[in-house]
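Welcome! Here are a few friendly notes on charged side-chain pairs, to read with the model open beside you.

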Amino acid sequence: MDLFRRAWRLQVGDLDLSNLAMKFKVKSSLKPEPNTADVEVYNLSDAHRSRLETATAQVLRLEVGYGDRTHQIFLGEVRTCYTEVQGPDRITKFSSGDGEQAVLGTRIRVTFGNQIQIDAAISQIAKTLGIGVGNLQPVAAKLRSKGIASIYPQGVALSGNAWRELQTICKSCGLEAAIQDGALILLEQGQALAGSAVRLSPTTGLVGSPTADTDKTSGVLTVNAQALLIPELRPGVKVQLESLSTGRAVYRVYDAEYTGATHGQEWYCHLGMQRVANAVVTLGEVVV
């Protein structure tokens, strides 16, 4: 991949703002909390600024990449939109959350019969939350191959915050659940998404030396690293990390912070990664 011809696309509601200068910070992780984005856009027209500041239920979509290849790194609902004047510039600031309204405000009241299939229960709660089921089907198929197909032998009545109820179901099945781009991402505890690994080394986008530490509670090896803003480095993705300080090993991205300035130098990804035990790695077509 060409790491020099930076490219981006920003859309808020039905307005494409890609031709304007902007800065952004996107925080994305496998944690249950919603991903967030803060975006600053410079010198919108008066008409567009007024329209964006008064609109409701807007969706913000941000894609970044290089050359003619861009990938979405954030999709979420706009929380706030306002404008500040700084010298000659008018800077319109957006804050946004991915699935935030669903996580915080959606309640559920449903009764499941005995031995309900895991994918049916999760799918119904996802529908209540208004989010996509993501990779539910292949994950459910893998659980069935392990003899884990159903839950609640005696049936159950669920009532309360829908996202917490879904988290409880996933934990009981050995799964981690998060929301990425308005859809579920489900992983077996400590494992990465299926698919090829991204190779990250000093010659393929790694910046500086990673630092490693072992979590005192879980014993999981974690690594913090900085890379050029490679959009394929998303939470859950496998990474074959190669550096003098950490050697060569396979990790999964646990959290990522993307920072960029379209008319400045900032264009980086700050990664928190966890060692994946017994990982089998195939390097895919993403050559960075």
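Is E188 buried or exposed?

1. E188 is buried, with a relative accessible area of 19%; buried means under 20% relative accessible area, exposed over 50%, and partly exposed in between (1.4 Å probe, protein chains only). Please keep in mind that this is a predicted model, where local features need pLDDT of at least 70, side-chain atom pairs count only at pLDDT 80 or more, and totals for chains, interfaces and linings use all residues. Residues are numbered from 1 along each chain as its sequence is written, and side-chain values use heavy atoms, with hydrogens and water left out.

2. The partner of E188 is K142: their side chains form a salt bridge at 2.9 Å, N to O (a side-chain nitrogen of Lys or Arg within 4 Å of a carboxyl oxygen of Asp or Glu). K142 sits in helix α4 (residues 136–145) and E188 in strand β13 (residues 183–188), so the pair ties together parts that are 46 residues apart in sequence. Helices (H or I, at least four residues) and strands (E, at least two) are DSSP runs, numbered from the N terminus. K142 itself is partly exposed, at 46%.

3. Next, look at E84 and K93, whose side chains meet in a salt bridge of 3.0 Å, N to O. K93 is buried at 17% relative accessible area, while E84 is partly exposed at 28%. Together with E40, E84 and K93 are linked in a network of salt bridges.

4. R9 and D16 make another salt bridge, at 3.6 Å, N to O. Here R9 is partly exposed at 31%, and D16 is partly exposed at 42%.

5. For the overall tally, the structure holds 15 salt bridges.
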